[in-house]
Amino acid sequence: MIRFKVNGKEKTFDGDPDMPLLWYLRDVAQLTGTKFGCGMALCGACTVHQNGAAIRSCTTPMKEVGGAEITTIEGIEPMHPVQTAWMEIRVPQCGYCQTGQIMQAIALLKDNKDPSDQDIDTAMSGNLCRCGTYQRIRAAIHQAAKHQAAKETA
Amino acid sequence: MKLIENVSRPVSRRGFLHGALAGGVFVLSARFIPEPLWAAEGEAAAPFEPSLWMSIAPDGIVTIVAHRSEMGCGSRTALPLVVADELDADWSKVKLEQAIGDPKYGEQDTDGSHSVRSSFDLMRQVGATGRVMLIGAAAAQLGVSPKDCTTEPHFVVHRASGRKLGYGEVAAAAAKLPVPKKEDVPLKPRSEWRYIGKESNSLFDLPEIVTGKAIFGMDATMPGMVYASVEHPPVLGQKIKSYDDKAALKVPGVQKTLTIETFKPPHVFQPLGGVAVIADNTYAAFQGRKSLKIEWDSSPHSVYNSAPFRKTLETTSRQPGKVVRNVGDVDSIFAKGGKTIEAEYYAPHLAHVSMEPPVAVAEYRDGKVLAWAPTQNPQAVQETIAGVLGIKKEDVTCHVTLLGGGFGRKSKPDQVAEAAVLSKQLGKPVKVVWSREDDIRFDFFHSVAAMYMKAAIGPDGKPTAWLQRTVYPPINSTFDASATYALDEMGLGWNNLPFDIANHRAENGPADYHVRIGWLRSVANIYHAFAIHSFADELAHNANKDPVQYLLDLIGSPRIVALDLKGDEAEEAKNYPLDTARLRRVVEIAAEKSGWGKRPMSKGRGMGIAAHRSFLTYVATVVEVEVDSKGQVHIPNVWTAVDAGTIVSPDNIRNQFEGAAVFGTSLALFGEITATNGVIDQSNFHNFQLARMNRAPRHVDVQIVKSEAPPAGVGEPGVPPFAPALYNAVFAATGKRVRELPLSKTKLV
Ligand code: FES
Ligand code: FES
């Protein structure tokens with residue numbers, strides 16, 4: 001029996017311990033905001049937070065989440081400054097990759113309050129967007145950093 | 001099914017409208033009728049049509065039907081915005097209802113960059129008719145003449161007294177009024193548009209997308225459903241000889257295996273066939289597949305090897321083909337024996353790889369199918385499932401979710417048919433999930449192409465004759481297994497060269513298919529523009545001319561280019577003539593914005609240009625590259641100028657063209673699908689790479705030309721000029737002329 005938390009709620013799992021967290025979230029817990037894109041940690045669509053750090057849930061087996069605190073997009077209180085910036089810059093096209101992008105960006109901004117373009121490229125290049133919204137993602141992260149700073153000084 | 005419907009669409013569809021009162025809600029529907037029946041409009045009253053374009057509830061909430069799919073291009077938002085504008089509705093009180101697949105909406109294939117183009121006038125009429133009826137009802141209630149009333153968002157206002165009634169208050173009365181004739185429905189002048197063309201427009205689904213609440217096909221469920229993953233025949237057309245599922249059935253969560261019959265050619269959108277693993281969840285289904293042992297029979301397509309196939313295409317491209325456009329006489333010019341230049345270009349297969357792989361959930365019950373799918377074409381879902389299961393098209397109901405990208409792949413609903421076939425066998429709803437590997441290996445691929453170009457050069461360096469041949473397995477092979485010519489695809493940048501050259505001939509040669517071929521964002525325009533604009537740049541450098549000036553010289557004076565078109569293309573050209581003034585303008589704007597010829601270029605830096613009209617939209621793109629000491633290409637800047645006629649949402653258009661530059665980067669730098677003995681070599685993002693943030697253009701500037709011309713396409717036209725502009729920039733930076741896609745195959749240093 002694996003015990004862990006998802007978005008603050010206690011959970012247990014006694015299925016296949018090799019099952020990736022992604023499929024637990026989507027098919028068992030019905031938290032479908034986390035997306036499947038590749039299953040090989042190549043695209044970032046499945047990004048969630050494990051104890052606050054961004055991870056790829058498609059390659060994280062359930063046996064590794066015991067005791068962990070998992071946060072998915074559903075566990076982010078809207079509108080988070082990153083989500084606000086995403087709306088303002090009108091980042092999404094199809095939107096499929098965007099929850100993964102947002103989770104990655106939130107994790108980045110937690111560690112780095114004012115990331116440079118270079119920092120953003122490094123943090124975000126694991127997240128593919130076939131629609132090609134990278135320019136807007138970069139702009140939105142800068143904007144979110146400003147929102148976050150304003151919130152903190154307020 | 002005729003291919004032409006998918007690549008070059010007839011625009012001659014009209015609808016008429018009628019009002020009705022359904023459950024206290026004012027509804028307005030337009031029923032599409034074929035052109036010849038149009039005359040009958042005034043005679044017979046339309047039968048009650050449950051297809052609703054819009055309704056207004058007593059609380060004022062306006063519900064507008066979105067009959068186009070949303071895959072990221074903005075169609076689902078754009079068309080309702082047009083209705084809302086003419087209705088004078090308050091957008092914050094508008095809800096969208098996604099239409100199911102049904103011919104009563106007319107054609108619903110969200111493809112070919114034509115959603116706004118084909119439905120703009122009708123949507124305006126729907127909104128404007130509703131507005132006239134609301135005014136009529138309000139005027140009666142106020143005891144005034146409709147002529148003395150106007151509207152402000154969501155209210156009818158009596159001008160003189162300022163008295164007003166909300167749309168919700170008069171909706172029920174409006175529904176009882178006769179529907180005014182088209183002539184009696186004034187459309188707003190452009191100056192009064194509230195939403196059309198406005199910066200403030202954003203995607204309707206934006207809040208749901210950023211909070212993870214948006215429902216894509218991958219997220220659709222049905223009560224009691226099981227999950228399925230299908231092991232397809234590795235080579236197109238193979239059938240199962242035998243299979244052993246013992247090990248698969250031992251995998252935790254696996255319930256059983258089922259087979260799907262291999263299609264009979266032509267494959268169209270039928271399932272590929274194979275063995276399906278049915279399981280409690282997606283992971284178990286994927287795992288179960290790994291333990292299947294399947295023996296496949298042979299297929300004629302196992303001869304497919306990309307390297308020799310390329311040679312075949314190139315050999316064909318050196319032979320005369322079918323002439324698709326002829327101006328003057330190129331042969332007599334070549335025969336004179338003056339200076340000529342020849343070049344050959346090559347472009348490989350590409351896969352769509354929308355971030356959401358193909359997926360669908362369907363239930364078969366009592367001879368009927370209910371499906372939820374991320375499809376660009378819900379009517380094709382109906383047709384395909386009906387055909388495969390032998391039921392009536394009307395007995396297939398297809399709901400459309402949001403699409404996690406489409407790019408043309410999701411016009412083909414083979415995975416939805418798989419779900420229906422499996423559900424029929426199981427007696428339960430089935431969700432079929434394709435892995436990324438399935439998506440890449442079993443795509444309807446963008447075709448592999450070889451182009452041969454030859455020009456005779458006059459004393460001024462300009463071509464006096466220009467011959468171009470293109471050879472590739474046609475999309476039509478998907479519908480007709482004997483098809484070898486791509487004559488239906490010549491409108492995609494081959495039979496409409498906009499250059500002012502006295503002698504010109506365009507040809508198409510034959511090629512066999514060995515994988516499923518389909519349309520991918522901008523389709524044959526990709527390789528056609530690559531060949532034409534690489535060649536134009538070669539000629540410019542050969543003549544020692546500036547490429548922008550040379551391009552403008554090639555385009556020549558402002559004029560309507562005489563084209564030799566037939567059928568639908570000829571019809572379309574009446575409303576959308578090929579206008580070199582518009583093409584020149586985008587070239588000039590892109591060049592000016594980029595500082596062409598004025599910016600000092602350090603070593604390893606260079607700029608290139610290409611301009612291409614596709615989907616009736618004029619686009620010019622300048623790409624700046626920096627080639628580093630390792631030969632890696634970086635793209636600091638892209639400038640694109642776009643003339644798409646009348647537009648609905650400018651910011652969305654910028655987003656589309658920014659995205660097209662990234663899509664273009666992916667195919668120019670990395671994109672290549674190859675086959676060995678009929679089996680596709682690539683499988684996931686490690687060997688079919690896409691541009692990531694660190695390789696994508698750092699800055700894309702999009703200039704939209706103000707235009708009152710009829711609306712044209714925006715989803716696709718940004719793609720074709722990108723690769724040739726990039727390659728021309730690489731030439732400027734390195735002196736290396738590369739004539740094949742993708743660039744990663746060529747060492748630059
Ligand atoms: S699905 Fe996990 S990185 Fe792609
Ligand atoms: S918005 Fe479509 S994949 Fe990123």
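Q: How many residue pairs are in polar contact between domain 1 of chain A and domain 2 of chain A?
A: In this predicted model, eight residue pairs count, both partners being at pLDDT 80 or more. β3 (47-50) and β4 (53-56) of chain A each give two or more residues to the side of domain 1 that touches domain 2, and β3(A) has the largest share, three residues.

Q: What makes the contact between Asp651(B) and Arg136(A) a salt bridge?
A: Their side chains meet at 3.0 Å, N to O. The rule asks for a side-chain nitrogen of Lys or Arg within 4 Å of a carboxyl oxygen of Asp or Glu, so the pair qualifies. Across the interface of chain A and chain B the rule finds seven salt bridges, while across that of domain 1 of chain A and domain 2 of chain A it finds zero.

Q: How do you know which residues of chain A are in contact with chain B?
A: Contact means heavy atoms within 4.5 Å. By that cut-off, 53 residues of chain A are in contact with 62 residues of chain B.

Q: What do chain A and chain B bury between them?
A: About 4700 Å², with 58% of it on carbon and sulfur atoms. On the chain A side, Arg90(A), Gln93(A) and Arg130(A) lose the most area to chain B, together 19% of what that side buries.

Notes: Residues are numbered from 1 along each chain as its sequence is written. Chains are lettered from A and ligands numbered from 1 in the order in which they are written. This is a predicted model: local features need pLDDT of at least 70, side-chain atom pairs count only at pLDDT 80 or more; totals for chains, interfaces and linings use all residues. Side-chain values use heavy atoms; hydrogens and water are left out. A polar contact is a pair of N or O atoms within 3.5 Å; within protein, one must be able to donate a hydrogen and the other to accept it, and residues adjacent in sequence count only if both atoms are side-chain atoms. Helices (H or I, at least four residues) and strands (E, at least two) are DSSP runs, numbered from the N terminus. Buried area is the accessible area (1.4 Å probe) that two parts lose on being put together, summed over both.
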